[in-house]
Amino acid sequence: FIQMLRGAKKRDILQLLRRAPEDTRPFLVEAAVAAQSVASLAALSDFLDFSKEPKSLLEKFLYAAAFSPRPSGELLHIILDKLDGKQLAPEIWETGIVAVGSLVGKLCQQNLCGLQVVERGVETILRGLRGAEEEHLVVIFLLALGNMMLPETVPTLLDHAEDGPTAVTAAATSALQRFPTPLISSKVKRVMRRIFHQKRKSYDKTCRLAAAEILLDNHPSPMDVINILLATSEMETEMATFLLLKVQNSLREHHHHVAKKIMKDIMGDPRINNYNFFSKVGISSSFSGPLTGTQDLTSTFGLDLLFLEGGFLRKSVSDFSLLSHGQRLRAAQVTFEAQGMESMMGESLSEGEEEPELTAGMSATFFDVQLRPIIFFQGYTDLMAKVLLSSGEPTSVVRGNLLLMDHHQVIPLQSGLQVTIKLQGGLGLDISADMDVSIWEQELKTSISARGSLAMDFQAELDSPFLQATLRSQTELETSIHFNTKLRFSSSPVLMCLQLREEQIPHR
């Protein structure tokens, strides 16, 4: 369909979009974004009215743009124009800002950072961040900076990480966690040390743990590892348990982990590697291990669960990553977070810690693109309303069709002939998530369902006046993964059930 659109005129594409039945329009919009011809982008620009179209269709367009493997400056130009100075639904505006961050990052990866539209995109995000007064807007702009991953935005992220309120610090540190190791400079590490060791003020435990992970994952110095381990002796049980498991994990599982040799040397010191340190008996856990592996590619599954002292889940992160030749791609990472449960459970806060509002929400990253976060409830009244009026329907995180690969190459042969190679890969994705809190039964359930189908089309053509040859291969793959957690915190110890279910994978 994309190949057909690439040969079509603007008038025909526009007519197709306007006359299509409502249920097929999202597919046509996604295909037009993926085609990225001058005609298809001009047709989309005319067709999409951001003040009138249904939210679901506009979100489809923005996410299709954010996931584009090789976006053009024109696509970014269209989105910036559509967002500029208009009264838009908050969800659409936030999704648009996150998409702008992703497009700027991908254009810079193609060495197109000097384009005027890219500079306009960067300025839009930075100006918006400077002028944002509400906390949740600051968070959205920081997520966009995380999608950009530009070296010049690191100082801005550091300022917000060190001085912002809890939600802002958490967003800035998680954005920095996505940056590649060469961009984690000594200045970044100094700020992360101050956050972890709480040199200037008290920080939320999740922010301190994120700072520790940045230090451990980016060529840590032996002193950093020792200080992090020593600090666990003064932490509450759950946080210490989680951090010690992180350290042990990097020793045990990741043959690629840069800190492995340093940690092995440190573990030779009996003052650190002893029962007093490693006998913490909290229920928090951190695990990662391989799902499948070939010579060139390893896919891993990781699960982090951080609990409060009273047994309530504070944060869970499930991560599916692909590792190849030292590069890491986060295929899917889903984070559930619940805040302010301490007061509801009758727990006291740590000294100097601000009391957060009762909230629960979720954020997701797919193919290294951070999506707009979803809030399940905010405040006690909202929680009670959701508990009483719950529809039982899971929340859709992302659903649609994405072009993942789009490669075209001409290879001259020694004989003087030339071969044309085309490779396209499309992904159909349907991911939903749900969080269900039962106050009466004192249970918490979370579930993530991910269904996907990948189609790849490869073609090699040799064309000359006396010889023609074509080689073609098509591959299709379907998979679905369901990940459920159930916690019952009415008794002590807390009962927990985890289930990861993978269905049969048909491969054609």
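Author: The expected span of a helix is 1.5 Å times one less than its number of residues. The model discussed here is predicted.

Reader: How far does helix H7 reach from its first C-alpha to its last?

Author: Helix H7, residues 90-109, has 20 residues and reaches 29 Å, close to the 28 Å expected at 1.5 Å a residue.

Reader: Is H7 mostly covered or mostly exposed?

Author: H7 is mostly covered, with 16 of its 20 residues buried.

Reader: And what comes just after H7?

Author: Asn 111 follows, and this residue takes a positive phi of about 60°.

Reader: At what angle do H5 and H7 pack?

Author: Helix H5, residues 55-66, packs with H7 at about 15°, and the two axes are 8 Å apart. H5 is therefore roughly parallel to H7, since angles under 35 degrees count as such. The crossing of H5 past H7 is left-handed.

Reader: Which residues in H5 meet H7?

Author: The H5 residues include Leu 58, Leu 62, Tyr 63 and Ala 66. On H7, the residues they meet include Ile 92, Thr 95, Ala 99 and Leu 103.

Reader: Changing topic, where is Thr 446?

Author: Thr 446 lies in strand E10, which covers residues 443-463.

Reader: Is Thr 446 buried or exposed?

Author: Thr 446 is buried, because its relative accessible area is 4% and buried means under 20%.

Reader: What does the side chain of Thr 446 make a polar contact with?

Author: The partner is the side chain of Thr 485, at 2.4 Å. Beyond four places away in sequence, the residues that Thr 446 touches include Phe 336, Asp 434, Met 435 and Phe 483.

Notes: Residues are numbered from 1 along each chain as its sequence is written. This is a predicted model: local features need pLDDT of at least 70, side-chain atom pairs count only at pLDDT 80 or more; totals for chains, interfaces and linings use all residues. Side-chain values use heavy atoms; hydrogens and water are left out. Helices (H or I, at least four residues) and strands (E, at least two) are DSSP runs, numbered from the N terminus. Buried means under 20% relative accessible area, exposed over 50%, partly exposed in between (1.4 Å probe, protein chains only). A polar contact is a pair of N or O atoms within 3.5 Å; within protein, one must be able to donate a hydrogen and the other to accept it, and residues adjacent in sequence count only if both atoms are side-chain atoms. Contact means heavy atoms within 4.5 Å. Axes are lines fitted to C-alpha atoms, for helices over the stretch in contact, and angles run from 0 to 180 degrees between N-to-C directions. Angles under 35 degrees count as roughly parallel, over 145 as roughly antiparallel, 65 to 115 as roughly perpendicular and the rest as oblique. A crossing is left-handed if the near helix is turned anticlockwise from the far one by less than a right angle, and right-handed if clockwise.
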